[in-house]
Amino acid sequence: MNLVNQKLRTAFFPAFLVCLSVSAGLFFQHKPAEAKVPVIGEVTYLRGESFRASAGSSNWLPLKVDMKLHEGDRLQTKKSARIEARLTDGSVVRLGQNTQLSLQKVVTNQKGQRKSVKAKLLLGKIWASVKKAVGAETEFSVTTDHAVAGVRGTRFETVASKTGTSVKVYSGAVLVSNKPIYAIKGHTKKKRVQVAGPQLVSKKKWKELITGAMQVVKVSSSGAMQAPAAFTMADKSQGDWEAWNAERDAQAGIHE
């Protein structure tokens with residue numbers, strides 16, 4: 001009887017292994033490939049506590065210099081922290097302390113050149129030095145709960161808080177809107193509003209403004225916009241944020 005059982009086991013196990021191998025082959029053959037998330041840039045400077053979470057994840061990991069950033073990543077800085085990241089096209093973004101930013105969308109053309117980057121600033125401040133691409137129309141836009149700042153090659157700062165949004169332009173020009181760009185009825189890329197001189201602007205009359213170098217636009221939490229007004233660089237008594245960004249731009253060869 002033991003001899004019969006041994007023969008049955010000897011015949012059964014090779015057949016079982018064959019079935020297992022075939023099943024495993026079919027499983028791995030039909031397993032869908034994971035989608036590759038585009039790389040948008042990498043961290044080039046880090047000070048203090050800062051974290052990153054990938055799209056749809058609640059797992060916040062400490063940021064490190066040279067860490068790759070991907071489309072959909074969320075970034076967060078703590079008190080006294082700062083981040084600098086260089087995008088794949090050479091543009092640079094920097095986050096101040098207590099800031100939350102989402103790198104929402106990256107669009108590229110057939111040559112792999114960046115055509116647009118859309119970021120959502122939930123809280124805090126971001127400095128963007130956007131590089132003009134050669135032979136490709138590009139756009140970098142920062143959205144807050146109150147406004148949208150869209151640029152094509154410039155240096156600007158966006159600050160978001162519960163009371164509103166401010167956009168400072170250091171060089172170039174920025175289109176600031178209290179409604180999403182291109183969501184305004186009848187708006188086209190060629191039809192934009194140029195405002196000259198500081199003056200209060202009615203929300204019913206204006207929906208977007210073009211802001212030039214060394215001008216600031218403020219949008220309240222209710223959506224009311226003020227016309228561009230001149231500003232001067234802050235002195236050291238107000239902190240070194242602007243001076244630090246200007247120094248980092250100079251080191252990176254970024255200028256007007």
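**Stop 1: the largest pocket.** The lining of the largest pocket is made up of three nonpolar, eight polar and five charged residues. Here nonpolar means Ala, Val, Leu, Ile, Met, Phe, Trp, Tyr, Cys and Pro; charged means Asp, Glu, Lys and Arg; polar means the others, Gly among them. The space in the largest pocket is about 250 Å³. Now select V130, K131, K132, I254 and H255, the closest to its centre of the 16 lining residues.

How is a pocket found? On a 1 Å grid over the protein atoms alone, a pocket is an open set of points where a 1.4 Å probe fits, with protein on both sides within 12 Å along at least five of seven lines; lining residues have an atom within 4 Å of a point. Grid points are joined across faces, edges and corners, and the volume is the space filled by probe spheres set on the points.

A word on the model before you go on. This is a predicted model, in which local features need pLDDT of at least 70, side-chain atom pairs count only at pLDDT 80 or more, and totals for chains, interfaces and linings use all residues. Residues are numbered from 1 along each chain as its sequence is written, and side-chain values use heavy atoms, with hydrogens and water left out.

**Stop 2: the whole chain.** Zoom out and switch to cartoon. The protein chain has two helices and 17 strands. These are DSSP runs numbered from the N terminus: H or I of at least four residues for helices, E of at least two for strands. Of its 256 residues, 40% count as buried. Buried means under 20% relative accessible area, exposed over 50%, and partly exposed in between, with a 1.4 Å probe and protein chains only. Among contacts (heavy atoms within 4.5 Å) with a separation of 6 or more, 53% are between residues 24 or more positions apart.

**Stop 3: S129.** Select S129, in strand β9. Is S129 buried or exposed? S129 is buried, at 2% relative accessible area. Its side chain makes a polar contact of 2.9 Å with the side chain of D249. A polar contact is a pair of N or O atoms within 3.5 Å; within protein, one must be able to donate a hydrogen and the other to accept it, and residues adjacent in sequence count only if both atoms are side-chain atoms. Leaving out residues up to four places away in sequence, S129 touches S91, V92, R94, T154, R155, D249 and I254.

**Stop 4: salt bridges.** The structure holds nine of them. Each is a side-chain nitrogen of Lys or Arg within 4 Å of a carboxyl oxygen of Asp or Glu.

- Select E84 and R248. Their side chains form a salt bridge at 2.7 Å, N to O. E84 is in strand β6 and R248 in helix α2, 164 residues apart. Both are buried. Shared partners join E84, R94, R155, R248 and D249 into one salt-bridge network.
- Select D240 and R82. Here the N to O distance is 2.6 Å. D240 sits in the loop between β17 (229–230) and α2 (241–251), and R82 in strand β6 (residues 82–87), so the pair ties together parts 158 residues apart in sequence. D240 is partly exposed, at 38%. R82 is buried, at 8%.
- Select D73 and R52. This salt bridge is 2.8 Å, N to O. D73 is in the loop between β4 (68–70) and β5 (74–77), and R52 is in strand β2 (residues 50–53), 21 residues apart. D73 and R52 are buried.

**Stop 5: T144.** Go to the loop between β10 (139–143) and β11 (148–151) and select T144. T144 is buried, with a relative accessible area of 6%. What does its side chain reach at 3.1 Å? The backbone nitrogen of H146. A polar contact of 2.7 Å also joins the side chains of T144 and T165. Beyond its neighbours within four places in sequence, T144 is in contact with K120, L121, T158, A160 and T165.

**Stop 6: A173.** Finish in the loop between β13 (164–171) and β14 (174–177), where A173 lies. A173 is partly exposed, at 38% relative accessibility. Not counting residues up to four places away in sequence, A173 touches V151, T154, I210 and T211.
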